[in-house]
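Reader: Hi! Could you walk me through this structure?
Author: Happy to, here it comes.

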Amino acid sequence: MKYRKFGKLDWEVSVLGFGAMRLPVIDDDSSQIDEPKAAAMIRHAIDQGVNYVDMAYTYHQEQSERFVGKVLKDGYRDKVRVATKMPSWLVEEEADFDRLLTEQMTRLELDYLDFYLLHSLNARSWSNFQKLDVFTWAEKRMAEGLFGQLCFSFHDDYPVFESIVEGYDNWAMAQIQYNYMDIDVQAGTKGLKLASDRGLAVVVMEPLRGGRLVKDPQPDPIAGVWAKSDRDWTPAAWALHWVWDQPEVTTALSGMHTMAEVEENLAIASNSAVGKLTDEDHALIKEVRHTYQDLMPIPCTQCEYCLPCPSGVAIPRIFDIYNDAAAYDSWDRSKWAYNEFIKPEEMADQCVECGECEAACPQNIKIIEWLATVHQKLAKPPA
Ligand SMILES: NC(=O)c1ccc[n+]([C@@H]2O[C@H](COP(=O)([O-])OP(=O)(O)OC[C@H]3O[C@@H](n4cnc5c(N)ncnc54)[C@H](OP(=O)(O)O)[C@@H]3O)[C@@H](O)[C@H]2O)c1
Ligand code: SF4
Ligand code: SF4
């Protein structure tokens, strides 16, 4: 295993961390973790040098913390640093901070957490945490020895990321979605460099874009690009080496689902290094990125000139979900995302065809036609 210094801390973290969000389950039910299989995977990773485990209140329908707490018995707790996350969307008042932390520590059966993250910060939750002064609360609880470091994970645009990084002096770490497709998405490369410059450790999540970059078989045009290289790397190896090539990345979490994935990612991590990729490798990855982008049928650049739509339609977010489905052949996931993350009042069927968005779109996209197509393909059939 390879290790890297964790931001300002006098500690080195394994470059591969274990994300306990996609553990093997029984009967396709995410609340029923296949405990013998999952425990063997996590303990094997720790035996091979992984020293960072990531959880959250919500993962596996709130079963992840309880389960990982059991796995960390028999001496495994002492071999890792544990990170879990306060569910920002369940915080309404200051009293919620203690209520959630206590509940999470009880589930984990731990009296100390190494890293406590504000989960999935965005403009709204960041403003809420500032209003409720989470910092004074966190500093008290850290002084009492309940957790070691206050951190955050992030899902919003770069300007929000910058205001969060600059908004508190004592962040130990930022957790960002980052992979070779997402260099300009959310925090992106700019956010990675900013956080690293400010001395934060940067923990990467979704290095394989939640598994979408490693679909087997790869779409024909993508497989064709990989075939140009002499390297015998799998798509997972390409994606992980790209992440670990960068000095600003502290560790990458993978939500491994099988023991074979654990074995493969351990091996890739052991061969990783800053600056490992050659100029030819970078050019090839750039070509793969462009090839995926070419598989996206709607040429939307997410510029948001079409917003606000007077009917409230979330045009760019809807197009992003549809393009994802087409490029990565992940239709089930995009159906879920459309129905879960787009509110009914923002959906494509709210369009009244006023045409304002089309007049504003620099890409001349036939927005009205595309919205109809997207809704027809992704919306849940009426109950
Ligand atoms: N804070 C947040 O808001 C947030 C959001 C997302 C994730 N996270 C955390 O970050 C962790 C990492 O994100 P992620 O789980 O999306 O990571 P990821 O590595 O991008 O995706 C994991 C998926 O990739 C596939 N995979 C992993 N290794 C593979 C290999 N060697 N070969 C082929 N396929 C492989 C598996 O898919 P299959 O299931 O198809 O086998 C697995 O479910 C999560 O587990 C979670 O702890 C946090
Ligand atoms: S055409 Fe539809 S999506 Fe575009 S601005 Fe008008 S109502 Fe909104
Ligand atoms: S204006 Fe056009 S390109 Fe820009 S976000 Fe809207 S649909 Fe996409």
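This is a predicted model: local features need pLDDT of at least 70, side-chain atom pairs count only at pLDDT 80 or more; totals for chains, interfaces and linings use all residues.

Reader: Which loop holds Pro 308?
Author: Pro 308 is found in the loop between α12 (279-294) and α13. Helices here are DSSP runs of H or I with at least four residues, strands are runs of E with at least two, and both are numbered from the N terminus. Residues are numbered from 1 along each chain as its sequence is written, and chains are lettered from A and ligands numbered from 1 in the order in which they are written.

Reader: What is the peptide bond from Leu 307 to Pro 308 like, cis or trans?
Author: That bond is cis, with omega near -5°. Most peptide bonds are trans.

Reader: Where else is there a cis bond?
Author: The bond from Asp 216 to Pro 217 is cis too, with omega near 0°. Pro 217 sits in the loop between β11 (201-205) and α9 (220-226).

Reader: And what about the phi of His 60, positive or negative?
Author: His 60 has a positive phi of about 50°, although it is not a glycine. Its place is in helix α2 (residues 59-62).

Reader: Changing topic: how is the chain divided?
Author: There is domain 1 (3-285) and domain 2 (315-378), with bounds that come from an automatic or database domain assignment. The C-alpha centres of domain 1 and domain 2 are 29 Å apart.

Reader: Which strands make up the closed barrel?
Author: Eight strands form it, in the order β3-β6-β7-β8-β9-β10-β11-β12, with parallel pairing. Two strands pair if DSSP finds at least two bridges between them.

Reader: How many bridges join β3 to β12?
Author: Three bridges join strand β3 (residues 16-19) to strand β12 (residues 251-254), and the two run parallel. Gly 17 stands opposite Leu 253 in β12.

Reader: Now the ligands! Which residues come nearest to ligand 1?
Author: Gly 19, Ser 153, Met 205, Gly 211 and Gly 255 come nearest, out of 27 residues around ligand 1. A residue is near a molecule or strand if its C-beta atom, placed from the backbone, lies within 6 Å of it. The elements giving two or more residues to this shell are β8 (113-121), β12 and α11 (259-270). The largest share, three residues, comes from α11.

Reader: How do the residues around ligand 1 divide by type?
Author: Nine are nonpolar, 12 polar and six charged. Here Ala, Val, Leu, Ile, Met, Phe, Trp, Tyr, Cys and Pro count as nonpolar, Asp, Glu, Lys and Arg as charged, and the others, Gly among them, as polar.

Reader: What about ligand 2, which residues come nearest there?
Author: Of the 15 residues around ligand 2, the nearest are Cys 309, Ser 311, Cys 351, Cys 354 and Cys 357. Both α15 (356-360) and α16 (367-378) give two or more residues to that shell, and α16 has the largest share with three residues. By type, the shell around ligand 2 has 11 nonpolar, two polar and two charged residues.

Reader: And which are closest to ligand 3?
Author: Cys 300, Cys 303, Cys 306, Pro 316 and Cys 361 are the closest of the 15 residues that surround ligand 3. Helix α13 (residues 315-328) gives the largest share of this shell, three residues. The shell around ligand 3 divides into 11 nonpolar, three polar and one charged.
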